[in-house]
Every structure is written in structure tokens, then in C-alpha cells.
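Dear colleague,

I am handing over a structure to you, which is shown directly below.

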Amino acid sequence: MGNKEYRPTLAQLRTFVTIAENRHFGTAAHKLNISQPSLSQALVALESGLGVQLIERSTRKVIVTATGERLLPLAKATLEAAENFVAHSRGANGVLAGPLSIGIIPTLAPYILPEFLRLARESYPELKPRIVEDQTEQLIQQLRDGHIDIAILALPTNVPGITECPLFDEPFIVVTDASHEAAGHDDLSLDVLDDLNLLLLDDGHCLREQIVDLCRLVNAAPHADADSATRASSLTTIMQLVVAGLGSTLVPASAIATECARPGLGLATFDEGVVAQRTIGLVCRSSSSRTAAYEELGELVTQAHRQAVAKGEQLLKG
């Protein structure tokens, strides 16, 4: 039977949540930067105080009990509320200050981060951003688990408990080798996708799925398939493959200045009436009390993106 006067500490709750998420004591101890005996002691203190077993231990695996599964969302909510309390106290006057973990997708991060971080330093000198670059699915999971505060990614996410703040629409640019017949055109239709030997990023990148969706609109078949030996996890590698004549691709407008200035590439754009783009937005937990402040930060993301696109337009005109 638990102690009715007992109140768990945040450290004990964090121990339970981390063990439950990782299902491994060693991994949980490493993530919390504490020793494994200290981790076990914290869990035992929590279970003894509550009078319930949260975790089953065995030599092979860690199992969350049925009671633990029921209490896990409440423990996460408690930790999130505490984080929101601290964050809100730092920004009580509408000013972003202190640590802020920002997730961002790989097909956007390299192109806007330098300018965004510069603008953030000027606008919020007391802000201490921590950048986490990862694919959308991982960012959403980290956001829901409280490991990051916001994420900048393609919308919609269609995830319950997540608030989405659309920032801008970003057009896709066709990139071919310089000798391709499409290079230099500014009036392409989506039908061109059926004529291009499209190279795509690996599974998990939202840009890949967005291009595949465009191809479906015109019943085009991308080059990248399960039997293809050509695989790439970055736009930089894709560009090298295009230069080598292995195919063509689509890239977001913000990537043009960085990725497409190299010799051997040809650029082309779709006709003004063609909708070939992605929507980028800022997302945060719906329970967060700092949505308004995050939207202000989103304006800096938009400014940084606008500058990246402007640099790319010089290449398109040239």
C-alpha cells in the first residue's frame, strides 16, 4: 500500500518515463546522465511511495506493467506542465529567453539556419536555441515526448495534440543536367515528371513523399524504386548524381542557392498556373502556453526563407 502523503519528485517521474520509453535501464541512465544504480533507486522510491509496480525487470527485457501504461501519459503530462511553467516564467512578458529546442527537417535546415539564427540573436539576445535536425516522424515523436519545444517542417502533420502554424508555401524547382531539353524552361507542366528520370531521397524524407504525390497526379513513375541501387539521404548527394547524368530531381526553392550553383546543372520552373509546392510551418504541443511567442519566432523563419529564395532566384534568372 502506498503512502498517502507521498508526492513524487519530477526527477522520479522523469526516471519512470525515460525507462518506459527506452525499455532499457542502461540506455535510460545514459540519457539522464546518471548511474544505473541511481536510476534504479529513483524508480524503487517512486514505486514504493505509490505502492504500485510500474516496471517489470528481467535479465532480458524491461516491461511496463498495465498500471505503468495507464500512469505513463499522466507522468508525461506532469513533466510537460513543469517545463511549460519554467518556460512561461522565462517568457512571461512575451520575450523568448533561455533554452529552446528547435527541430527542423534536413531539406530546410542547411538553407535557412544561418540567417534564422542571426535574426534570432538580434531579436532575442537571451534566447539559447538548440537545433535538432531530423526527419518529420522523429521530430513529431520528440515533440510529443517533450524532448524538443517546437519543430519546423512540412504541413499538414495531422497529429492530435499538435498545433500547426503555417508559415509559407515553397515552390519546387526542376533540376536536370545542363544538356537536358527541359533546362532553362519556365513554363513546364506536371506532365514533364513522366519524362524525367527522377531521383528521390531515401524513405522517411517528407520531400520524397511530396514529389511522389505530384507524380501520382499525372500517373508518372519516379526512378527511385525498391530495386534501385542508387540511394541518397541528402540533397547534396542527389545534386552530384544529377551532374553525373544519373537523372533529374525536384528541390525546394530555398535550396537552389546552396545546392545548384555547381557546374553541370540546369534549372527549370513550372508554369505559373501549376501548383507544385510544399507548405512549411511551425508546430508545437497544443498544451504549450507559448504559442504566441513561437509564432513570433516563426516570422523570423519566414524572413530567413525569403532571403534564401532570393539568392536562388539569381541563379534562375542567370
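**Overall organisation**

The protein chain is divided into domain 1 (10–91) and domain 2 (93–317), with bounds that come from an automatic or database domain assignment. The C-alpha centres of domain 1 and domain 2 lie 35 Å apart.

Please note that this is a predicted model, in which local features need pLDDT of at least 70 and side-chain atom pairs count only at pLDDT 80 or more, while totals for chains, interfaces and linings use all residues. Residues are numbered from 1 along each chain as its sequence is written, and side-chain values use heavy atoms, with hydrogens and water left out.

The protein chain has 10 helices and 9 strands; helices (H or I, at least four residues) and strands (E, at least two) are DSSP runs, numbered from the N terminus. Along its principal axes, the C-alpha trace spans about 75 × 50 × 30 Å. Of the 318 residues in the protein chain, 46% are buried. Buried means under 20% relative accessible area, exposed means over 50%, and partly exposed lies in between (1.4 Å probe, protein chains only).

**Strand E9 and its partners**

Strand E9 (residues 277–285) is mostly covered, as 7 of its 9 residues are buried. It pairs with strand E6 (residues 162–177) in the antiparallel sense over 9 bridges, and 6 bridges join strand E5 (residues 150–155) to E9, also antiparallel. Two strands pair if DSSP finds at least two bridges between them. Glycine 281 in E9 is the bridge partner of leucine 153 and of proline 166. In the loop between E5 and E6 lies proline 156, which a cis peptide bond joins to leucine 155, with omega about 0 degrees.

Is histidine 305 buried or exposed? Histidine 305 counts as buried because its relative accessibility is 6%. This residue lies in helix H10 (residues 291–317). Its side chain makes a polar contact with the side chain of glutamate 170 (2.9 Å). A polar contact is a pair of N or O atoms within 3.5 Å; within protein, one must be able to donate a hydrogen and the other to accept it, and residues adjacent in sequence count only if both atoms are side-chain atoms. Not counting residues up to four places away in sequence, histidine 305 touches Leu108, Ile112, Phe168, Glu170 and Ser254, where contact means heavy atoms within 4.5 Å.

Alanine 20 lies in helix H1 and counts as buried because its relative accessibility is 4%. Alanine 20 and valine 62 are 42 residues apart in sequence and 8.1 Å apart in space, C-alpha to C-alpha.

**Two loop residues with positive phi**

Arginine 23 lies in the loop between H1 and H2, and its phi is near 50 degrees, a positive value in a residue other than glycine. Arginine 23 counts as partly exposed because its relative accessibility is 38%. Asparagine 33 is placed in the loop between H2 and helix H3 (36–50). The phi of asparagine 33 is near 60 degrees, again a positive value in a residue other than glycine, and asparagine 33 is exposed, with a relative accessible area of 69%.

Yours sincerely
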